[in-house]
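Let's take a friendly walk through a protein model, looking at how its parts pack together. Keep the picture beside you as you read.

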Amino acid sequence: GRRILDSMPKNAVLLVNGDLNNNAVKYLQQCEGVRRDVSILGLQQMSWPWWVPMHRHHYPNITLPGERYHVSFPNSFNMKRFLDKNYNKAPIFLCGPWKHGDESAEVTYELMPYGLCNKVTKKGRKPPRLHTFLAKGWKALPKMNDYGPWMPKLYAEDTWEYVAYHDMWHRSVYSAGVITFHASQEGPETAKILNLAKTVCDYIFSKDLRRLLSSKKIYRATDYRGAGIIYGKWAAKKKGYSRARAEKKMITLWKIYLKLNPDDTELKPFIEGNVNPFTRQPIETMSE
């Protein structure tokens with residue numbers, strides 16, 4: 001909960017969905033006085049018929065465009081209407097998924113990962129300083145050393161400890177995937193985002209973390225493929241040992257990807273020929 005609140009910009013609107021997300025931040029704010037400037041709205045609570053009439057006065061800077069958050073009841077409003085009315089007033093974040101059954105926001109808005117939450121943005125509009133946004137979002141994520149190693153055997157799958165760790169690692173791998181995607185797109189900040197993506201991949205695909213997360217099926221096949229692309233592109237701009245080491249990681253991750261997705265024949269020639277596709281040159285053997 002503190003990680004979420006500390007990552008929020010001043011006067012942000014924070015939409016929360018799910019017991020863990022809702023209870024953690026609400027306790028800290030209402031019981032310990034943490035980040036009173038952040039307006040926290042529970043999607044589930046807003047759907048109850050008494051909530052908006054009873055709580056509207058607590059949110060003077062937010063427009064609640066109806067008597068209830070719901071997709072079908074009279075005098076209700078959907079999420080698109082809520083976002084349309086409030087998008088230009090303050091930065092809006094979503095922690096957890098959209099409420100089941102309401103897909104209205106997806107017509108106009110999309111989500112960009114930011115720490116344990118997502119920033120709501122207009123479709124097709126990247127943050128003006130994309131590298132800074134991605135770097136801040138990654139910094140806001142908990143890392144292994146913050147809370148100690150995840151030891152799944154200590155907690156049953158129906159405990160909050162298991163859920164919290166599981167969600168945290170899913171979130172970290174997903175955020176890494178988004179960063180690697182933007183690093184593969186051409187633009188004025190591509191070089192800086194590529195360096196960020198390489199740092200992120202060094203962490204997410206370290207041997208210790210890979211051994212831990214692979215057993216819980218946190219990684220997707222495409223995560224290995226995307227990380228390999230980052231190492232290949234980064235290596236193409238380097239020389240010597242740094243280049244050889246990155247290319248070795250590229251091949252290692254792509255071999256794992258092909259085991260999970262053997263029908264993809266695009267990468268096979270580069271793996272079998274030991275070639276970096278971004279230089280079209282053979283990969284040098286590392287000398288220890």
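Let's start with some aromatic rings: Tyr69, Phe77 and Phe82 are linked into a cluster by ring pairs. Two rings of Phe, Tyr or Trp (its six-membered ring) count as a pair if their centres lie within 6.5 Å; planes under 30 degrees apart are stacked, over 60 edge-to-face, and the rest tilted.

A word on the source: this is a predicted model, where local features need pLDDT of at least 70 and side-chain atom pairs count only at pLDDT 80 or more, while totals for chains, interfaces and linings use all residues. Residues are numbered from 1 along each chain as its sequence is written, and side-chain values use heavy atoms, with hydrogens and water left out.

**Aromatic pairs**

The structure holds 11 aromatic pairs. Two of them involve phenylalanine 205:

| Pair | Arrangement | Centre to centre | Angle between planes |
|---|---|---|---|
| Phenylalanine 205 and tyrosine 219 | stacked | 5.1 Å | 20 degrees |
| Phenylalanine 205 and tyrosine 224 | tilted | 5.7 Å | 55 degrees |

Phenylalanine 205 lies in the loop between α9 (190–204) and α10 (207–214), and tyrosine 219 in the loop between α10 and α11 (221–235), so their pair ties together parts 14 residues apart in sequence. Tyrosine 224 sits in helix α11, 19 residues away from phenylalanine 205. Helices (H or I, at least four residues) and strands (E, at least two) are DSSP runs, numbered from the N terminus. Phenylalanine 205 and tyrosine 219 are both buried, and tyrosine 224 is buried as well. Here buried means under 20% relative accessible area, exposed over 50%, and partly exposed in between (1.4 Å probe, protein chains only).

**The nonpolar cores**

Which residues have the most contacts inside the largest nonpolar core? They are Leu14 and Ile204, in a core of 59 residues. Such a core is a set of buried Ala, Val, Leu, Ile, Met, Phe, Trp, Tyr and Cys residues joined through side-chain atoms within 4.5 Å. A second, separate core has 23 residues, including Leu83, Ile92, Ala105 and Val120.

**Helix α2**

The 14 residues of helix α2 (residues 19–32) should span 20 Å at 1.5 Å a residue, and the end C-alpha atoms are 19 Å apart, which agrees. That expected span is 1.5 Å times one less than the number of residues. Among the buried residues of α2 are Val25 and Leu28. Just after α2, glycine 33 takes a positive phi of about 75 degrees.
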